[in-house]
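Please look over the sequence and the structure before reading on.

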Amino acid sequence: MTDFTATRAMFDLPEGIVYLDGNSLGPLPRGVAARVARTITDEWGQMLITGWNRAGWMALPTQLGNRLGRLIGAEPGSVTLGDTLSIKVYQALAAGLDLRPDRRVILSDTGNFPSDLYMAEGLCRSLGQGYALKTVAPEALESALDETVAVLMVTEVDYRTGRKHDMARLIARAHDLGALVVWDLAHSAGAIPVDVTGLDADFAVGCSYKYLNSGPGGPAFIYVAPRLADRVRPALSGWLGHEAPFAFDLDYRPGAGIERMRVGTPPILQLAALDAALDVWEGVDMQDIRAQSLTLQEIFIAQIDAACPDLTLASPRDAAARGSQVSFRHPQGYAIIQALIAEGVIGDFRAPDILRFGFTPLYLSEGDVEKAAAILCEIMATGRWDKPEFHRRAAVT
Ligand SMILES: *Cc1c(COP(=O)(O)O)cnc(C)c1O
């Protein structure tokens with residue numbers, strides 16, 4: 001059994017705050033500051049450029065890919081880190097299209113995160129030749145799959161509603177029809193059990209700064225199935241994905257396996273933060289995370305249902321169809337979230353009317369969730385959210 005009291009002690013959360021936004025930016029694990037400080041002073045400061053060899057910086061992306069890989073069921077040597085998720089989506093899509101040169105369609109759904117859709121659109125425009133992104137409603141994804149689809153691009157958990165796709169079904173159906181799958185784990189990695197090997201995934205991508213707590217701007221990851229890794233052509237053929245970066249050849253030759261999905265210089269300070277953040281996951285069982293996340297979600301939903309009639313559940317009622325977040329709708333969602341934050345409960349707002357709450361058993365207790373629900377219901381009952389300062393929009397919601 002995972003010891004959640006122990007994992008909670010590994011986070012540095014501000015006193016009095018209930019943090020329900022770890023699905024957007026994970027909080028600071030205690031070990032991160034010291035680890036990053038050591039990398040700065042002992043490695044960068046003392047070793048200077050020799051740190052690339054002496055401190056093992058150059059190997060970090062794939063070394064940490066292996067640590068992270070355990071949480072998504074990936075075999076060692078099949079995950080690497082770097083860049084942002086949007087870039088990793090582009091790489092995976094381009095590689096997938098290249099493996100099905102006789103087909104022209106990327107299929108996705110309207111519940112996907114816009115950046116994934118934008119990257120797909122941009123890629124299709126660059127390729128020309130009739131390449132196109134087709135989007136359908138999330139419920140229609142499976143039936144829209146056909147033999148014109150080269151790549152199915154699915155974000156497993158909807159960033160607004162928390163609705164979770166049945167990836168086993170979608171991957172099996174896509175493979176039956178000869179399509180490849182790009183599985184976006186942005187709201188899955190560290191949130192729910194994932195088994196890229198067991199489900200025979202082709203490509204998976206995700207970010208480390210959400211449920212994996214690597215800090216703002218932390219690097220993204222990409223998984224390529226070992227059966228494909230030596231066959232894929234990297235669209236972003238940067239020097240660190242080259243077979244021999246320091247040969248400085250004038251021609252590109254892809255590196256072995258997952259190494260070819262590296263692009264440029266790795267972000268060493270962010271990788272150091274991720275390394276320390278991954279320490280928290282030692283001894284954590286994803287099945288325990290799932291069970292406790294659902295317990296927390298059910299507590300929250302039951303309390304809101306009972307005392308906040310004005311909030312409408314936007315997430316599926318069926319727990320099995322949810323990821324690790326719960327959302328409600330209200331036309332004044334923005335102001336309500338601002339009022340909530342002012343009282344120490346941090347959730348977030350997604351246009352046009354979604355109040356979003358992430359559930360992260362690593363550092364959230366049942367008591368925290370009960371307290372957050374009680375404060376939210378009181379804000380609703382008293383109308384305390386309806387003050388001018390709570391209606392003022394900031395750049396980031
Ligand atoms: C959070 C998120 C992103 C963010 O992409 P970045 O390039 O890291 O800013 C992209 N796609 C999905 C599905 C996300 O949830």
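Threonine 80 is buried, with a relative accessible area of 0%. The model described here is a predicted one. Threonine 80 belongs to strand E2, which covers residues 79–81. Arginine 70 is ten residues away from threonine 80 along the chain, and the C-alpha atoms of the two are separated by 13 Å.

**The ligand and its surroundings**

Which residues surround the ligand? They are Thr84, Leu85, Ser86, Phe113, Asp116, Thr155, Asp184, Ala186, His187, Tyr209 and Lys210. By type, this shell divides into four nonpolar, four polar and three charged residues.

| Residue | Atom of the residue | Distance to an oxygen atom of the ligand |
|---|---|---|
| Threonine 84 | polar side-chain atom | 3.0 Å |
| Leucine 85 | polar backbone atom | 3.2 Å |
| Lysine 210 | N or O atom in the side chain | 2.6 Å |

On its own, the ligand has 390 Å² of accessible area, and the protein covers 85% of this.

**The nonpolar core**

The largest nonpolar core has 120 residues. Which of its residues touch the most other members? These are Val196, Phe203, Trp281, Phe300 and Phe357. Helix H5, residues 85–99, gives the most to this core, with nine residues. Both domain 1 (4–29 + 285–391) and domain 2 (56–281) supply the core with at least three residues each.

Proline 101 sits in the loop between H5 and strand E3 (105–109). Is proline 101 buried or exposed? Its relative accessible area is 53%, and the cut-off for exposed is over 50%, so proline 101 counts as exposed. Threonine 360 is 259 residues from proline 101 along the chain, and their C-alpha atoms are separated by 41 Å.

Alanine 276 is part of helix H10. This alanine has a relative accessible area of 7%; buried means under 20%, and therefore alanine 276 is buried. Between the C-alpha atoms of alanine 276 and glycine 122 there are 35 Å, with the two residues 154 apart along the chain.

**Backbone features in loops**

Most residues other than glycine have a negative phi, and most peptide bonds are trans. The model has some positions that depart from these patterns.

Asparagine 213 has a positive phi, near 65°, and is not a glycine. Asparagine 213 is placed in the loop between strand E7 (203–207) and strand E8 (220–224). With a relative accessible area of 2%, asparagine 213 is buried.

Phenylalanine 248 also has a positive phi, of about 50°, although it is not a glycine. The loop that holds phenylalanine 248 lies between helix H9 (226–229) and helix H10 (268–279). Is phenylalanine 248 buried or exposed? Phenylalanine 248 counts as exposed because its relative accessibility is 55%, above the 50% cut-off.

The peptide bond that joins alanine 351 and proline 352 is cis, with omega at about 0°. Proline 352 is found in the loop between strand E12 (348–350) and strand E13 (354–358).

Note on methods: Residues are numbered from 1 along each chain as its sequence is written. This is a predicted model: local features need pLDDT of at least 70, side-chain atom pairs count only at pLDDT 80 or more; totals for chains, interfaces and linings use all residues. Side-chain values use heavy atoms; hydrogens and water are left out. A residue is near a molecule or strand if one of its heavy atoms lies within 4 Å of it. A polar contact is a pair of N or O atoms within 3.5 Å; within protein, one must be able to donate a hydrogen and the other to accept it, and residues adjacent in sequence count only if both atoms are side-chain atoms. Accessible areas come from the Shrake-Rupley method with a 1.4 Å probe; for residues, only the protein chains shown count as cover. Ala, Val, Leu, Ile, Met, Phe, Trp, Tyr, Cys and Pro count as nonpolar, Asp, Glu, Lys and Arg as charged, and the others, Gly among them, as polar. A nonpolar core is a set of buried Ala, Val, Leu, Ile, Met, Phe, Trp, Tyr and Cys residues joined through side-chain atoms within 4.5 Å. Buried means under 20% relative accessible area, exposed over 50%, partly exposed in between (1.4 Å probe, protein chains only). Helices (H or I, at least four residues) and strands (E, at least two) are DSSP runs, numbered from the N terminus. Domain bounds come from an automatic or database domain assignment.
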